[in-house]
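User: I would like to go through this model with you, one question at a time. Please close each answer on the value or name I ask for.

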Amino acid sequence: MDTRKKPRRPGMIIVYIVLSIASIFSLFPFLWIVVGSTNTSTDVIQGKMTFGNQWSTNITKLFGNANMSTALMNSLKIALFTVILTLLITSMAAYGFQMYKTKRKEKLYSFFLLTMMVPFASLMIPLFKLIATLHLINSVWAIILVSSASVFMVFFFRQSFVNYPSDVLEAARVDGANEVMTFFRIFVPSMKSTYAAAAIYTFMTSWNNYLWPLIVLQTNEKQTTTLLISSLSSAYTPDYGVIMSGISIATLPVIIIFFAFQRQFVEGMLGSVKQ
Amino acid sequence: MATELKRKKVGWYFITPVGILLGIFLLYPIFYSLYLTLTSTRGTLTQFTGLANYRKLFSDPSFFKALKNTFRILFLQVPLMLVLALIFAAMLNSKKLKFRGFFRTAIFLPSVTSLIAYTILFKMLFAYDGLVNSTLIKIHLLDAPIAWMQAPGTATFVLILAMIWRWTGYNMIFYLSAMQNISGDLYEAASIDGASSSQGFFKITLPLLKPMILFTTVMSTIGTLQLFDEPMNFSAGGTTASMVGPDNCFLTLSVYIYNLCFKYTPKFGYAATVSYAILIIVAILTIIQFRVSEDSDVRLERKMAKAIKRGN
């Protein structure tokens with residue numbers, strides 16, 4: 001242990017001041033969301049920072065007129081199916097690339113990685129035409145299928161599979177397990193934390209997705225929470241109290257996930273650059 | 001040997017499901033988009049027009065406006081944000097710091113908000129009768145409210161401020177994790193040699209952080225070149241407004257592509273051409289960023305080699 005305790009330098013005080021200011025700036029909007037969801041539109045915009053009694057009125061408007069419950073269900077449905085499908089197919093592919101290395105597979109893999117540079121805007125038009133041809137316009141599956149085909153997640157899983165001891169898989173083979181069984185029964189269960197990190201990352205991305213749903217989902221019954229909040233705020237006379245309660249409800253699940261799984265959350269984020 | 005070969009083949013089965021989806025939803029669009037750049041759409045009629053779209057690009061004032069707006073945001077926001085992230089990370093990396101966990105979580109928390117949510121929050125904060133104006137007037141920094149979102153300069157400022165709020169903590173986490181991988185022995189050896197802590201930061205931390213700085217720079221550059229959600233929701237009236245922000249200052253490249261496709265008569269061919277322009281710009285910037293970092297890597301290696309020689 002370090003026993004040579006140095007006296008605190010004046011530099012440390014500046015550090016505390018800077019970090020405190022940064023923290024206040026970072027946290028203030030969150031407080032404002034919570035307070036704002038209890039106030040009227042005028043109070044919100046004028047920055048009233050005390051709790052009001054409009055919470056139930058705002059919530060009633062949000063779920064009554066604005067159809068927040070449908071939007072929440074749509075967002076949840078898209079996010080859950082995207083997480084399940086993405087985790088299944090991208091981790092399988094990563095396993096295929098990592099555990100059955102061949103030159104041709106490596107070439108295909110490098111090509112996939114290269115496509116990560118392509119901006120979504122370049123895919124948007126052909127994707128839209130394709131989805132129209134497949135009669136998937138206004139269907140949540142247009143979002144789920146397109147989001148699940150994620151090169152990034154293949155990359156993420158492969159990075160985490162690199163250090164897996166291959167003798168474990170060898171042992172399973174000697175015991176007569178076939179390749180697919182080995183993957184599902186032995187490999188996947190031993191990688192729980194990687195899957196948790198991937199699930200959280202995918203859920204977040206899906207939950208906050210805006211551009212692609214904006215293009216594909218065209219009726220109010222199919223709206224996601226992000227689309228709903230966006231349309232509330234671009235209304236001719238926006239009701240800011242309702243918007244605030246909408247934002248607080250849309251943000252809550254993500255914050256809960258963040259605090260419940262902080263470690264996996266950060267791991268998921270950093271996974272892409274692990275050595 | 002035969003089983004080994006058979007096993008390698010099984011690998012392809014694992015890759016097939018994602019391969020099919022990527023083929024349909026990624027590779028096909030990439031190539032189809034390239035084909036579209038050579039065509040022009042009028043109603044339901046698609047005509048092959050060769051390089052006409054590319055020629056049009058160079059004489060299109062809206063394209064240059066979008067390019068200028070995007071690059072203005074890129075050059076102001078990304079460096080400022082990354083320097084702030086680096087400073088916060090360096091401060092949080094000190095083991096002597098109390099409340100580290102609290103500071104780290106607080107600064108990171110904005111990155112869990114959705115892009116739409118924070119954009120709308122900042123738009124409300126900087127509204128004419130909004131919280132920022134009323135606070136500034138209350139503390140006598142302002143006599144009259146500023147119409148932040150009515151002038152291109154101040155509106156861009158608010159957008160950049162909002163993006164810094166949302167993304168600084170995100171990048172900070174990358175730096176922090178890289179800093180925690182640097183062995184403490186290095187700093188100890190340096191301090192024995194009489195180096196101050198700021199020298200330690202510039203001579204040890206920064207050079208070793210170079211790969212991470214490169215990574216965050218490339219990621220932020222790609223992200224900013226694709227900027228869509230924020231400018232779209234910052235502009236009054238959202239997706240249907242005739243102008244994207246005051247004097248079209250929020251017309252970024254992605255917003256322009258969206259407008260070309262979905263706002264008026266669809267011009268898919270020309271929109272695809274603009275999107276390929278983004279791709280080319282991303283590729284060029286990424287190559288430049290890699291080159292710059294490689295050059296400094298070579299310099300760093302030489303320095304290290306010298307230092308090791310001296311040490312022995």
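User: How many residues of domain 2 of chain A are in contact with domain 1 of chain A?

Analyst: The model is predicted, and chain A is divided into domain 1 (10–59) and domain 2 (67–273). With contact taken as heavy atoms within 4.5 Å, domain 1 of chain A contributes 12 residues, and the number from domain 2 of chain A is 11.

User: Which helix gives the most to the side of domain 1 of chain A that touches domain 2 of chain A?

Analyst: Between these two domains of chain A there are two residue pairs in polar contact, both at pLDDT 80 or more, while the count of salt bridges is zero. Helix H1 (10–36), helix H2 (41–45) and helix H3 (55–64) of chain A each supply at least two residues of the domain 1 side. With four residues, the helix that gives the most is H1(A).

User: What area do chain B and chain A bury between them?

Analyst: The contact draws on 83 residues from chain B and 93 residues from chain A. Of the area buried between the two chains, 81% lies on carbon and sulfur atoms, and the total is about 7,900 Å².

User: Which three residues supply more than any other three of the area that chain B buries against chain A?

Analyst: The three in question supply 10% of the area on the chain B side, and they are B:Phe14, B:Phe25 and B:Met124.

User: Which helix of chain B gives the most to the side that touches chain A?

Analyst: By class, that side of chain B has 57 nonpolar, 19 polar and seven charged residues, and the count of salt bridges between the chains is zero. Giving 22 residues, the helix is H1 (residues 2–36) of chain B.

Methods
Residues are numbered from 1 along each chain as its sequence is written. Chains are lettered from A and ligands numbered from 1 in the order in which they are written. This is a predicted model: local features need pLDDT of at least 70, side-chain atom pairs count only at pLDDT 80 or more; totals for chains, interfaces and linings use all residues. Side-chain values use heavy atoms; hydrogens and water are left out. Buried area is the accessible area (1.4 Å probe) that two parts lose on being put together, summed over both. A salt bridge is a side-chain nitrogen of Lys or Arg within 4 Å of a carboxyl oxygen of Asp or Glu. Ala, Val, Leu, Ile, Met, Phe, Trp, Tyr, Cys and Pro count as nonpolar, Asp, Glu, Lys and Arg as charged, and the others, Gly among them, as polar. Domain bounds come from an automatic or database domain assignment. A polar contact is a pair of N or O atoms within 3.5 Å; within protein, one must be able to donate a hydrogen and the other to accept it, and residues adjacent in sequence count only if both atoms are side-chain atoms.
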